[in-house]
Amino acid sequence: IVYGFFYSFFIVSFFIVSKSYRDSLFLNSFGKEALSILYIVTPLIIGLSVWFITFILDKIDLFKKGIIIHVIIFIISILSLTNINSTTILFYYVFVDFQIAMIAFLFWRSLSSTFSTRQAKRLYGIITSGGFLSAILLGSSLSVLTQYISQKDFLILFNFLILFCPFFIKQLITKSFSDKTKIENKKKSDESVLKLIQNKYVLNIISIIFLFTIISVFIDYYFKLSSYNRFSNNPDQLTNYFTQFYSIASLLSFLVQIFVSSYIFKRFGIAYTLLILPMLLLLFLPFSVIISSYLVIFLLKGNEQIFKSTLHDTSMQILWMPLPSYIKDPIKPLVNILFKNIFSSFGGLLIIITIYFELQFINIIPLLLCLLLLLIFIMINSKTYYINELVRAIDDRSLSFENKNSINFSNNIEMLDIVNKKIINDKKDRYFILKLLDKNIIEKCKTTLMQVFYESDIKTQKEILKYFYDDEESIKSDYLINQVKANNELSSDCLNI
């Protein structure tokens, strides 16, 4: 846990510093036209290069893979930062995204190789809090530190510190507590990827990703542009501004994740949780007509930065969970890596069109409003798709909880409602439903289990009793005593209550 905490601390600090310096350096060297072109080029380069590198190094040990990747990106980064000119600035803008993607990939791969799903649910919050602590410290101290050391030298120093990451990887996988002995026989589909994508539920997810990505690209572009216009006379101040913004947003995102997100999923379910971010964007967007566009863009980007990584991304992960593995395994990486980057490039193309017609932010508000309304409409319809897919997954016993986001899946109100109804109504499949579900969900269905306990068969009763070994009040004492005296199949289980 300690190694994971410091690993998170170092890489989040590096992400914030490198992105802030990269954005400031580029905006002070090139115009908005060049920035818009990079919104087309960068996602395609990053998507293809990350996929290619991970494919080439797939068979290599994780520790060796970490050494190779970190050393290569360190050398390239140092060469770029020590030879700054127009060409290297363009290259470095793209390279930082690649650098962040590869380091994040190694970080999450290390954690998934170290901890089991159940351990991850308990420990990931503690580990990732290291990153949020670094964001707080960095945001509050960078402007002071850069009085004694230049921002470029400060970033070079962080590039050296990142070389310690393979050490953290080694320590994590050495001290692994994860049980990796389980071998799964996953069902494979004979259908082509194109045929699998045509699944209505998958198309619904892709539609959400497409619209949200386009909206995010516009918000990010105008945030950088408005920030540059505000601090164009002071490059160092622009870098400090970006750093403080990302740091404060990271802190607020952490607080939402720890104190709010689980409650929201439990209270409102995935359908309404998914709507929170677009509804907030829809709320703030029209204010551009009456107040400063800079302030509105700041609020839009702030909301996106805070809620995207918490409520939105977690909701999207949950949407994928009911799908059977033979659909999810090939399609999900394709959509999240390739399609999402293509959608980002398309967003960059739309930005170039707005520049060509000399449109300002206030002129594209009608377009963003239409996209948001369409996104909200699709998200509302997602509830029906999700519930139908969830029922199907329970019925054919393909539902899997081997996912680090399954704790929020377990808190999801739609999930709990469906499970309770299935336990009550599907008497002949009740035992298989209980075997399918994980402990988090079973614990939340105890009232329902007590309703059906006495009418269930012996096998199901034995399964229910497993969850009441420390609960002396739920099942009547007379019933337990009678079962023990009867010396039947339930006797030993009843003795444990």
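User: What percentage of the 497 residues in the protein chain is buried?

Analyst: This is a predicted model, in which local features need pLDDT of at least 70, side-chain atom pairs count only at pLDDT 80 or more, and totals for chains, interfaces and linings use all residues. Residues are numbered from 1 along each chain as its sequence is written, and side-chain values use heavy atoms, with hydrogens and water left out. Buried means under 20% relative accessible area, exposed over 50%, and partly exposed in between (1.4 Å probe, protein chains only). Of the 497 residues, the buried share is 50%.

User: How many helices and strands does the protein chain have?

Analyst: Both are DSSP runs numbered from the N terminus, a helix being H or I with at least four residues and a strand E with at least two. By these rules the count for the protein chain is 22 helices and zero strands.

User: Is Arg 22 buried or exposed?

Analyst: Arg 22 is found in helix H1, residues 2-27. With contact meaning heavy atoms within 4.5 Å, Arg 22 touches Tyr 92, Tyr 93, Val 96, Asp 97 and Lys 224, leaving aside residues up to four places away in sequence. Because its relative accessibility is 3%, Arg 22 counts as buried.

User: Which residues of helix H7 are buried?

Analyst: Helix H7 covers residues 165-174. The cover over its buried residues includes H1, helix H3 (62-81), helix H4 (86-114) and helix H6 (151-161). The buried residues of H7 are Cys 165, Pro 166, Phe 168, Ile 169, Gln 171 and Leu 172.

User: How many charged residues does the lining of the second largest pocket have?

Analyst: On a 1 Å grid over the protein atoms alone, a pocket is an open set of points where a 1.4 Å probe fits, with protein on both sides within 12 Å along at least five of seven lines, and lining residues have an atom within 4 Å of a point. Helix H2 (32-56), H3 and H4 each supply at least two lining residues here. Ala, Val, Leu, Ile, Met, Phe, Trp, Tyr, Cys and Pro count as nonpolar, Asp, Glu, Lys and Arg as charged, and the others, Gly among them, as polar. The lining has 14 nonpolar residues, one polar and, as for charged residues, none.

User: How far apart in space are Ile 76 and Phe 95, C-alpha to C-alpha?

Analyst: Ile 76 is found in helix H3 and is partly exposed, at 28% relative accessible area. Beyond residues up to four places away in sequence, Ile 76 touches Phe 91 and Phe 95. Ile 76 and Phe 95 are 19 residues apart in sequence, and their C-alpha to C-alpha distance is 8.7 Å.
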